[in-house]
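Good morning, and thank you for making time for this presentation.

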Amino acid sequence: MDVQNLFRLDGRTALVTGGSRGIGKMIAAGFIQSGAKVYISSRKADACFQTAEELGPNCVALPQDVSTVAGCKALRDQYAAEVGKLDILVNNAGAAWGEPFEQFPEKGWDKVMDLNVKSPFFLTQAFHELLKAAASPERPAKVINITSIDGQRLNPWETYSYHASKSALIYLTKRIAARLVQDHINVTSIAPGAFASEMNRAARDHGQEVARGIPSKRIGSQEDMAGAAIYLASRAGDYVVGETITVDGGLVHAAVGTSIDA
């Protein structure tokens with residue numbers, strides 16, 4: 001048993017959407033420190049290039065808007081022009097929308113569902129051949145969808161399309177996993193709880209207050225998120241298929257009568 005290299009990603013390539021900030025950036029940084037070459041994509045080109053420069057020579061910026069099928073294919077073409085295969089795809093780009101039920105708009109539904117559900121499907125479809133090129137029974141390729149604990153339980157906010165989208169992505173993960181395992185591609189998801197990010201401003205700006213409602217009594221750290229992603233991406237996670245790993249300090253499975261936004 002080669003425990004020393006169990007969590008290493010040496011020689012592998014990864015693509016992380018929404019990789020310029022927040023959870024995507026945490027995952028990208030962890031992959032790089034584990035030996036991978038990481039390509040990050042985000043809609044905002046300046047932020048994408050700035051993060052790539054910050055993370056070092058093993059991080060490459062590929063700015064792209066993946067909210068449309070055309071954007072997913074364009075990102076595939078950008079990546080394929082540089083690399084002939086892909087070991088790890090992290091579908092992290094996402095959006096949220098909160099508004100009272102009576103006023104909740106169609107654009108708040110469509111924007112969130114398109115980016116959080118449609119894009120992971122069509123981006124995985126677009127990269128299917130590149131993932132197959134990297135995959136083997138001995139070393140499967142990986143697709144990791146970033147879902148949310150809001151797909152597993154309610155938060156206090158009126159985020160209707162966000163709740164629906166993350167629940168859908170958890171089950172879409174299972175459905176795609178059942179198909180792609182035939183090609184030696186393992187599909188899984190991570191459901192984060194409270195991590196400081198632009199999307200979770202409560203955890204970012206009021207971390208101590210949020211932590212009081214979490215069984216572990218703290219919000220998530222960079223190491224917590226990177227560790228879960230590295231596990232699934234590396235040899236350590238090669239026998240995990242279709243599963244959603246909840247990374248939330250116990251909020252979903254160990255909290256009693258508590259609800260905290262994540």
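Let me start with one side chain, Tyr39, whose relative accessibility is 2%, so it counts as buried. Please keep in mind that the model is predicted.

Which residue forms an aromatic pair with Tyr39? The partner is Tyr79; the two rings are arranged edge-to-face, 5.0 Å centre to centre, with 75° between the planes. Tyr39 belongs to strand E2 and Tyr79 to helix H3, so this pair ties together parts that are 40 residues apart in sequence. Tyr79 has a relative accessible area of 0%, and is therefore buried as well.

Tyr79 also forms an edge-to-face pair with Phe127, at 5.7 Å centre to centre and with 65° between the planes. Because Phe127 lies in the loop between H4 and H5, while Tyr79 lies in helix H3, the pair ties together parts that are 48 residues apart in sequence. Phe127 is buried, as is Tyr79. In total, the structure holds five aromatic pairs.

I turn now to the sheet. Its seven strands form an open sheet, in the order E3-E2-E1-E4-E5-E6-E7, and the pairing is parallel. Which strands stand at the edges? They are E3, residues 59–61, and E7, residues 244–247; each has a single partner strand, so one side of each is left without a neighbour in the sheet. On average, neighbouring strands of this sheet are turned by 20° against each other, direction ignored.

Strand E2, which covers residues 37–41, pairs with E3 over three bridges in the parallel sense. Within E3, Cys59 is the bridge partner of Val38.

Helices come next. Helix H9, residues 222–233, lies across E4, E5, E6 and E7, and runs at about 165° to E6.

Helix H4 spans residues 106–126 and has a kink of about 40° at Ser119, shortly before the proline Pro120. Both Ser119 and Pro120 are among the buried residues of H4, which also include Gly108, Val112 and Leu115. What do the buried residues of H4 pack against? Their partners are strands E1, E4 and E5, together with helices H3, H5 and H6.

I close with a charged side chain: Lys174 lies over the face of Tyr171, at 5.9 Å from the ring centre. Thank you for your attention.

Conventions
Residues numbered from 1 in each chain as written. Predicted model: local features only at pLDDT ≥ 70, side-chain atom pairs only at ≥ 80, totals over all residues. Heavy atoms only, no water. Bend = angle between axes of the 7 residues up to and from the residue. Helix = DSSP H or I, 4+ residues; strand = E, 2+ residues; numbered from the N terminus. Buried < 20%, exposed > 50% of the residue type's maximum accessible area, 1.4 Å probe, protein only. Contact = heavy atoms within 4.5 Å. Pairing = 2+ DSSP bridges. Axes fitted to C-alpha atoms, helices over the stretch in contact; angles between N-to-C directions. Phe/Tyr/Trp six-rings, centres within 6.5 Å; stacked < 30°, edge-to-face > 60°. Lys NZ or Arg CZ within 6 Å of the ring centre and 35° of its normal.
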